[in-house]
Amino acid sequence: IKPMSMQDGINDFLAERVASKVKLKTVDRDGVESLRNPQVIRSGWILPKSIDEDRAPDEEFPYIMTRIEKIEHVKGARESVVTMLILFGVYDPGVYDDEGSLVDDGSGYRDFWNLVEATRQAIFVEHTIDNKYRVLEDFFGAEMLSVQAYPSWQGYCQVKWQVVFPLPQVV
């Protein structure tokens, strides 16, 4: 089992079971807000589309992105443990009246935690993804970043997966 095949399988799962079921705020380069499904970023990083790219800093929102943090194998065990971060980003600037006073603090905080919870539920309902990757039931952690870059809300969850380690071939 290759780590990137695992990440691709988890990304496919998140696209189908989480991202396709929710619409969240986004903004385009002209500052026009709309609703869309979170994109599933497969690269593990948000990279510019080009060096000279002129895009709104919040255009990537909302997103779900996976990143393998580490792979551990204990000698003598048949399984390896893969620790994966699932990162989330949502956009919500709140609503201001014509005088510039805040009238609605937005739903970014709620949207972030709802997206985390939808992901947690999808993973733990399924337990095994692609018939290969089994979630470790006793571990799930989620955290919002302590400093938020207004108007985005970002954080992550950490999930551990059990993966069967290949047996050595006997010749």
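Where is the place of Asp-92 in the chain? Asp-92 sits in the loop between β5 (79-91) and β6 (95-96). The model is predicted, so local features are given only at pLDDT of at least 70 and side-chain atom pairs only at pLDDT 80 or more, while totals for chains, interfaces and linings use all residues. Residues are numbered from 1 along each chain as its sequence is written, and side-chain values use heavy atoms, with hydrogens and water left out.

**Overall layout**

The chain holds two helices and ten strands. Helices (H or I, at least four residues) and strands (E, at least two) are DSSP runs, numbered from the N terminus. Along the sequence, the pattern reads α-β-β-β-β-β-β-β-α-β-β-β. Of the 171 residues in the chain, 37% are buried. Here buried means under 20% relative accessible area, exposed over 50%, and partly exposed in between, with a 1.4 Å probe and protein chains only. Among contacts with a separation of 6 or more, 63% involve residues 24 or more positions apart; a contact means heavy atoms within 4.5 Å.

**The six-stranded sheet**

Six strands form an open sheet in the order β3-β4-β5-β10-β9-β8, with mixed pairing. The strands β3 (39-41) and β8 (128-129) stand at the edges with a single partner strand each, so one side of each has no neighbour in the sheet. Two strands are said to pair if DSSP finds at least two bridges between them.

| Strands | Sense | Bridges | Example of bridge partners |
|---|---|---|---|
| β3 and β4 | parallel | three | Gln-39 and Tyr-63 |
| β5 and β10 | antiparallel | 13 | Ser-80 and Val-163 |

The strands β4 and β5 form a hairpin with five residues between them, and Gly-76 in the turn has a positive phi of about 90°. Strand β5 is mostly covered, as eleven of its 13 residues are buried.

**The two helices**

Helix α2 lies across β4, β5, β8, β9 and β10, and runs at about 170° to β9. Axes are lines fitted to C-alpha atoms, for helices over the stretch in contact, and angles run from 0 to 180 degrees between N-to-C directions. Two packed helices are described by the angle between their axes and the distance between the axes. For α1 and α2, the angle is about 115° and the axes are 10 Å apart. Helix α1 is therefore roughly perpendicular to α2; angles under 35 degrees count as roughly parallel, over 145 as roughly antiparallel, 65 to 115 as roughly perpendicular and the rest as oblique. Phe-13, Leu-14 and Arg-17 of α1 make the contact with Thr-119, Ala-122, Ile-123 and Glu-126 of α2.

**Asp-111 and its surroundings**

Asp-111 lies in helix α2 (residues 108-126). Asp-111 is buried, with a relative accessible area of 15%. Leaving aside residues up to four places away in sequence, Asp-111 touches Leu-24, Val-90 and Asp-92. Asp-92 is buried as well, with a relative accessible area of 2%. The side chain of Asp-92 makes a polar contact with the side chain of Lys-25 (3.4 Å). A polar contact is a pair of N or O atoms within 3.5 Å; within protein, one must be able to donate a hydrogen and the other to accept it, and residues adjacent in sequence count only if both atoms are side-chain atoms. Lys-25 and Asp-111 are 86 residues apart along the chain, and their C-alpha atoms are separated by 9.3 Å.

**Backbone features in the loops**

Most residues other than glycine have a negative phi, and most peptide bonds are trans. A cis peptide bond joins Phe-61 and Pro-62, with omega about -5°, and Pro-62 lies in the loop between β3 and β4. Another cis peptide bond joins Tyr-150 and Pro-151, with omega about 5°; Pro-151 is in the loop between β9 and β10.

The loop between β8 and β9 contains Asp-130 and Asn-131. Phi of Asp-130 is positive, near 60°, and Asn-131 has a positive phi of about 55°. Asp-130 is partly exposed, with a relative accessible area of 42%, whereas Asn-131 counts as exposed at 77%.
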